[in-house]
Amino acid sequence: MPRTADAASSAKPRQRALSGGVGLAEVAAHAGVSEATVSRVINRKYGVSVSTREAVERSMRSLGFAREVRGELVLLLVPDLVNPIFAQLCNAIESELSPHGLRTVLCPVHPGTVQERDYVASLADTGIAGVVFLSSMNTLRNTDPGAREMLESRGIPYVSVNGGFSDAAAPAFSSDDWRAAELAVLHLFDLGHRRIGMCAGPVGNTPADRRVEGFVQVMDRLGLPDPEDFVVRHHYNVEGGRYAAEELIPAGVTAIVAGSDEMALGAVRAIQRRGLSVPGDISVIGYDDSPLLDFTNPPLTTVRQPVDRLAEHTARGIVALIGDRDVPTDEEYLEPELRLRASTGPVRSRGRA
């Protein structure tokens with residue numbers, strides 16, 4: 001499967017119309033900065049402090065400089081803020097965008113529904129600068145393209161996180177889900193586990209499908225039989241993990257790879273309710289690295305999403321697009337990281353539950 005390396009966007013200066021004889025030189029003199037600094041503010045480039053940016057913008061307003069800037073708001077379309085990983089990503093993206101004079105608006109949606117189109121429609125006229133599809137309609141197949149088509153018709157740039165649009169030339173920045181599954185399985189294999197099950201997210205969800213592909217591929221590579229028989233698909237929540245684990249436990253699995261930390265905690269609950277221990281009887285590994293995992297019982301081993309790097313790449317991409325600079329449109333995959341805690345351990349033989 002093709003994957004692209006991280007690539008830096010090339011700069012293409014954006015031309016600005018002048019009004020009433022006011023140009024860069026006048027704004028620079030009024031603000032006490034260089035013309036280059038004014039240009040960087042207009043094009044939302046890095047390297048300008050918040051105080052300097054605010055001073056330049058005040059001078060532009062005072063002098064009546066005609067800014068062809070799309071606005072200061074960036075919409076973050078997220079499935080919910082209950083899962084801590086989405087709150088972490090939103091906070092990190094906000095921190096990355098703030099030095100560019102951009103502010104975020106959080107829009108919790110049911111992915112792929114009319115909600116996304118309604119949010120875009122209601123806020124487009126307010127001068128939004130761009131949109132980030134953060135694990136929303138970009139993660140699902142055959143969704144209503146209305147929101148995306150509206151953005152394209154209005155010339156509003158957008159990027160995607162954790163899943164790109166296959167039929168659109170737009171930047172996407174994602175955790176490497178195939179690699180995440182590989183890290184989890186290899187860790188468990190090294191501990192002696194051979195009957196490894198997977199609690200995966202729903203069919204048609206891009207990250208879930210990719211992790212299942214990665215799981216099956218590495219299990220096949222290791223010579224473990226019939227890995228598809230040890231995959232159970234369910235919702236990305238505690239109950240989904242519990243229901244999936246209740247199907248896997250009777251199959252005699254000694255370890256479970258979960259599609260999210262919430263699913264992993266649901267699997268732990270199902271195991272403990274049967275009088276079994278984690279990791280003594282069954283090891284469990286999650287995905288995301290949500291806060292407070294050191295304080296669960298037991299502390300949860302997980303594969304960490306590269307939240308800071310996802311936020312950095314996302315912010316860099318949307319800022320470049322807002323400034324009419326070229327950005328690579330191939331999906332970029334960022335390396336996840338295995339975080340070892342106490343929910344995984346050496347295999348211990350046990351009978352079928």
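This is a predicted model: local features need pLDDT of at least 70, side-chain atom pairs count only at pLDDT 80 or more; totals for chains, interfaces and linings use all residues.

Q: At what angle do the axes of helix H2 and helix H3 cross?

A: The axes of H2 (residues 35-42) and H3 (residues 50-63) cross at roughly 90 degrees and come within 10 Å. Angles of 65 to 115 degrees count as roughly perpendicular, and therefore H2 is roughly perpendicular to H3.

Q: Which residues make the contact between H2 and H3?

A: From H2 come Thr37, Val38, Arg40, Val41 and Ile42, while H3 contributes Thr52, Arg53, Val56, Glu57 and Met60. Sorted by class, this contact of H2 with H3 has 5 nonpolar, 2 polar and 3 charged residues.

Q: How much space lies in the largest pocket, and which residues are the closest to its centre?

A: The space in the largest pocket is about 640 Å³. It is lined by 30 residues, and Pro79, Asp80, Phe86, Asn205 and Tyr236 are the closest to its centre. At least two lining residues are supplied by each of helix H4 (84-97), helix H8 (206-221) and strand E9 (283-288). By class, the lining of the largest pocket has 13 nonpolar, 13 polar and 4 charged residues.

Q: How many residues line the second largest pocket?

A: The second largest pocket, with about 340 Å³ of space, is lined by 19 residues. Nearest its centre lie Asn138, Gly164, Phe165, Ser166 and Asp167. The lining of the second largest pocket divides into 7 nonpolar, 7 polar and 5 charged residues.

Note on methods: Residues are numbered from 1 along each chain as its sequence is written. Side-chain values use heavy atoms; hydrogens and water are left out. Axes are lines fitted to C-alpha atoms, for helices over the stretch in contact, and angles run from 0 to 180 degrees between N-to-C directions. Helices (H or I, at least four residues) and strands (E, at least two) are DSSP runs, numbered from the N terminus. Angles under 35 degrees count as roughly parallel, over 145 as roughly antiparallel, 65 to 115 as roughly perpendicular and the rest as oblique. Contact means heavy atoms within 4.5 Å. Ala, Val, Leu, Ile, Met, Phe, Trp, Tyr, Cys and Pro count as nonpolar, Asp, Glu, Lys and Arg as charged, and the others, Gly among them, as polar. On a 1 Å grid over the protein atoms alone, a cavity is a set of points where a 1.4 Å probe fits but cannot get out, and a pocket is an open set with protein on both sides within 12 Å along at least five of seven lines; lining residues have an atom within 4 Å of a point. Grid points are joined across faces, edges and corners, and a volume is the space filled by probe spheres set on the points.
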